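Visitor: I'm new to this one. Could you show me how to read its salt bridges and its buried spots?

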Amino acid sequence: MEPTRTVSIIGTGSYVPEKVLTNQDLAKIVDTSDEWIHSRTGMRERHIAAADQATSDLGTEAAKAALADAGIDAEEIDLLFVATLSPDMFFPSTACFVQDKIGAKNAFCYDLGAACSGFLYSLETAKNQIACGAAKTALVIGAEKMSTFIDWEDRSTCILFGDGAGAAVIQAGGEGRGIMQAAMGSDGSLANLLWTPGGGSRNPISHEMIDQRQHYLKMQGREVFKHAVVRMAEAVNQALEKNNLRADEIKCFIPHQANIRIIDAIVKRLGIAGRVYTNVEKYANTSSAALAIAMDEAAKDGTIQQGDLVALTVFGGGFTWGANVLEWSKS
Ligand code: UT7
């Protein structure tokens, strides 16, 4: 295959499980209220997967929708990523489970771990593999069953997350500039502000570890909040600069959906009021799925249209962050 420069999104899809958990429902489980949750986060409800639904099942539904939207067959996919922090199992990868469920038998498949930033990291990685000629058509999925890994006795975290999945099919070519240059970053020195400390090789599964609830997500919310605002605003500016664009040329900004106050703070820093897509009210924070779901919804409801410049930005555990700009070439 010849190396190519332009790589574009040709289809998107998303899926959230049926069950809705409202703030009022949460107030029956932990000491909280709809007023506290909505005023501090902008969230009203989130979707929670059924007991027999794993992350790959959510990813599969989003993948099928993206393939249908792109109008291509699963066998045309030759690269398949799942970005997730809630895999079906440690191994094999959730991507391999999705591959089998959708029949993408010509794809090579792996998971990508960048916590809430995973979808943008996957999009960037897949774009580069296509641009250098290593793959032709990629299916990039962000999928999470967060409800398995959060501590339903910890009101500071359990109210924040939801389950869901989003996906995009990307291919060489397309009108316009497609997926442009990204600005990405990580800072492992701050890992302990947002992590799941137990269950891996550092702190293996044991009765003691489980009694200490170390297998659940832990977060220093205030610290994470501050870094999220600074890093996402910075990354957007860097991505704009790399692509010789100004903020006023961007039709729609789609940030990670973690907290409406984080989004508002970014809007203020960048001066982009009225051009930001949010759905955190309906789904809460679905980690690596959040950006993918928001992008799919923005495309389907007509917020973004062919020829529009769209900026994406993410932040998550690691810390990891990034931003990208794309010219929407799908009609
Ligand atoms: O996707 C990865 C990125 N994740 C994020 O970006 C999340 C970033 N952080 C946040 O969104 C916010 O920090 C939170 C929503 C998690 C918390 O909001 P906050 O305004 O930073 O509140 P806080 O943690 O400083 O807590 C304020 C008070 C505390 O009580 P005291 O110490 O002031 O008496 C908490 O105990 O609110 C209390 N609190 C709650 N009260 C009712 C914490 N959680 C709850 C709750 N309901 N669910």
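Guide: Let's go through some charged pairs, then end with a serine.

Guide: First, some ground rules. This is a predicted model, where local features need pLDDT of at least 70, side-chain atom pairs count only at pLDDT 80 or more, and totals for chains, interfaces and linings use all residues. Residues are numbered from 1 along each chain as its sequence is written, and side-chain values use heavy atoms, with hydrogens and water left out.

Visitor: How many salt bridges does the structure hold?

Guide: A salt bridge is a side-chain nitrogen of Lys or Arg within 4 Å of a carboxyl oxygen of Asp or Glu. The structure has 16 of them. One of these joins the side chains of D57 and K101, at 3.0 Å from N to O. That pair links distant parts of the chain, 44 residues apart: D57 sits in helix 3 (residues 55-70) and K101 in helix 4 (residues 94-102).

Visitor: What counts as a helix or a strand?

Guide: Both are DSSP runs, numbered from the N terminus: helices are H or I with at least four residues, strands are E with at least two.

Visitor: Which salt bridge involves E327?

Guide: Its side chain meets that of R177, at 3.3 Å from N to O. E327 is in strand 13 (residues 320-327) and R177 is in the loop between strand 7 (164-172) and strand 8 (183-186), so this pair ties together parts 150 residues apart in sequence.

Visitor: Is E327 buried or exposed?

Guide: Buried means under 20% relative accessible area, exposed means over 50%, and partly exposed is in between (1.4 Å probe, protein chains only). E327 has 17% relative accessibility, so it counts as buried. R177, at 42%, is partly exposed.

Visitor: Where does K251 come in?

Guide: K251 forms a salt bridge with D308, at 3.3 Å from N to O. D308 is in the loop between helix 11 (288-300) and strand 12 (309-316), while K251 is in the loop between helix 8 (221-242) and strand 11 (252-255), so the pair ties together parts 57 residues apart in sequence. D308 is buried at 14%, whereas K251 is partly exposed at 40%. Elsewhere, salt bridges with shared partners join D34, R44 and E281 into one network.

Visitor: And the serine: what is S122 in contact with?

Guide: Contact means heavy atoms within 4.5 Å. Leaving aside neighbours within four places in sequence, S122 touches F81, A83, L112 and V140. S122 belongs to helix 5 (residues 118-131), and its relative accessibility is 0%, so it counts as buried.
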